[in-house]
Amino acid sequence: MTMFDTTAPAAPVVPTHGRLRPLGLDEVRITGGFWADRQAVNGTATLSHIESRLESEGWLPNFDLAAAGTLPDGRRGREFADSEIYKYLEALAWEIGRTDAAADSDLEQRFRRVVDRVAAAQEPDGYLNTMFGREGQDERWSALQWGHELYCLGHLFQAAVARVRTRPGADDGLIDIARRAADLVCREFGVDGRDAICGHAEVEAGLAELGRALGEQRYIDQAALFVERHGRGSLGEIEWGRSYFQDDVSVRDAEALRGHSVRANYLSSAAADVAAELSDDSLLDALRSQWDRTVERRTYVTGGQGSHHQDEAFGDDWELPPDRAYSETCAGIGSIMFSWRLLLATGEAQYADLIERTLFNVVATSPGDDGRSFFYANTLHQRTPGIPADPDATSPRASSSLRAPWFEVSCCPPNVARTFASLSAYVATADDDGVQLHQYAPSTVRTTLPDGRIVAFDVSTDYPAKGDVRVTITEDAEFTLTLRVPSWASGATVRVHSGNEVTELPAPPGAVEVARAFRVGDIVELNLPIVARTTSPHPMVDAVRGSVAIERGPEVLALESIDLGGDIGDAVAAGEPVERDGHVVLPVRHRSTGETVDAPLIAYHDWARRGPSTMRVWIPTV
């Protein structure tokens, strides 16, 4: 394992030990293409939309009421509403870092105003929550099963991490707020304190990263203590079982992720943090085994996770009904968090593969084109056309059949916002020998290796529309450039251009390493075969047996009724997909008439952007 410099990059996750070191927003910039477009909409529209709804819903004013001493009168929102303010602050912090926003910028001033309101609500001993602890409210820590007090603080800690890593000298007070709250958690729930956990994992990951960012080992130790307490049944039995909280068996003994999908991924992410910081190889091995089984048997072709609506949970092995896919956007983000930590720990490309699949087919699917509406759940089969959401209304979480502007449980919009704002930190990593590219987007990369070598290059690509990825060296240096070759990319090639010399290297799925003394102007060209391909389901998945999905590169495609000209339930795949005039077309037969038509397919993340429709990813063949 490599020991890294304590000067951390501007990234959400910076392990002290691991196979790879993440490159932060200060080292990688996405400069164009698919993800830059989404980052731009996020920065110009989504963040202001979220702040507006946090105000109008009363969730941010709850802090004003707390500061004024008038709670509980007037408090609005669910018990976890405070967390959305913290996720919004985290998103703002990453956006400020991404754009190098000035101290007098609108973004910076908005951030500081919210921090001031949060600070005014904090109790002298560090306690911070608008739902508990005051006269007329339930006592502190009295409802750990459902109260989300620690969960909310976990998001506060992650917001503080974003701030310290993007503006380490900022005097806004957020770091002190988080430190006081974390100190309180350690006093209350340490070895000599309450032997308890929160019903929604999150504080564990927040504490671990805050400990890394501030150099406080006791925060990491407290995160480890919380992780180890899972599986003792301390939260009690509920109708969905203790697995809902991941409190049925220990993290080390679990065979797969189970229960509430977001809780499961957040806990696994924290456990990976703990394994990295404590060099606990047995815990890491257990998590890797759980990831393997979960991806093989409990994950949709889109990368989505969670097949139960009633408890937002994983189903049993192979239980993946497309029309009942819950596939919550937040679960997808949690999956990325977990996979990223395993990638940093091991360097294995399979984790970056799932991140890519989930980014393109879950996270990118959620927000509308305007950045002001969202899917909470991500079905793979819509049987009836949706109903446009009232732009001023608040929707039930999974009941919106089209993207909705806000939800009664609105965890997904700020979760998407913080992910897009920090996305550059998931593009590349480094080790002692060089730099690894995991996600492909037009970008600039510049970093310094431990021995002082400067590695710098530009990436140009039209990915995922096209499979050509060109890396142009901008600083002389001898290093190893590693390029991920996705598992679907059989037949990929790599060519190295240096002056008049051209060298071709084999590029099997996994990764290809190019080790040489690079000179300015050298080009490494990766060509990925982006063509439509047919995917058959695992035979154990009853719900889609006899069906096929069509994929192209990292994108899952979908058949939408707007392009079919008939009932989507009447459609049967009648041949192989072909590419024609820039579109993927699938021969489809109407069962009722026997007529065969060529139906255009769309990227799944684009479904329902043209209005109400029906849609399916898995298309029957009989």
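In this predicted model, Arg418 touches Lys87, Glu90, Ala91, Trp94, His155, Gln158, Tyr266 and Met337, once residues up to four places away in sequence are left out of the count. Arg418 itself sits in helix α13, which spans residues 412-421, and because its relative accessibility is 5%, Arg418 counts as buried, the cut-off for that class being under 20%. Another residue to look for here is Pro12, which lies 406 residues from Arg418 in sequence, although the two C-alpha atoms are 9.9 Å apart in space.

From this residue the reader may turn to a pair of helices. The axes of helix α8 (residues 217-229) and helix α9 (residues 261-277) come within 9 Å and cross at roughly 130°, and α8 is therefore oblique to α9. The crossing in which α8 passes α9 is left-handed. On the α8 side the contact is made by Ile220, Ala223, Ala224 and Val227, while α9 contributes Leu267, Ala270, Ala271, Val274 and Glu277; taken by class, the residues of this contact comprise 8 nonpolar, no polar and 1 charged.

An open sheet is formed by 5 strands in the order β3-β6-β7-β11-β14, with mixed pairing, and its edge strands are β3 (21-22) and β14 (510-518), each of which pairs on one side only. Within this order, strand β7 (residues 434-437) and strand β11 (residues 477-485) pair in the parallel sense over 4 bridges, and Gln436 has Thr482 of β11 as its bridge partner.

Definitions and conventions
Residues are numbered from 1 along each chain as its sequence is written. This is a predicted model: local features need pLDDT of at least 70, side-chain atom pairs count only at pLDDT 80 or more; totals for chains, interfaces and linings use all residues. Side-chain values use heavy atoms; hydrogens and water are left out. Axes are lines fitted to C-alpha atoms, for helices over the stretch in contact, and angles run from 0 to 180 degrees between N-to-C directions. Helices (H or I, at least four residues) and strands (E, at least two) are DSSP runs, numbered from the N terminus. Angles under 35 degrees count as roughly parallel, over 145 as roughly antiparallel, 65 to 115 as roughly perpendicular and the rest as oblique. A crossing is left-handed if the near helix is turned anticlockwise from the far one by less than a right angle, and right-handed if clockwise. Contact means heavy atoms within 4.5 Å. Ala, Val, Leu, Ile, Met, Phe, Trp, Tyr, Cys and Pro count as nonpolar, Asp, Glu, Lys and Arg as charged, and the others, Gly among them, as polar. Buried means under 20% relative accessible area, exposed over 50%, partly exposed in between (1.4 Å probe, protein chains only). Two strands pair if DSSP finds at least two bridges between them.
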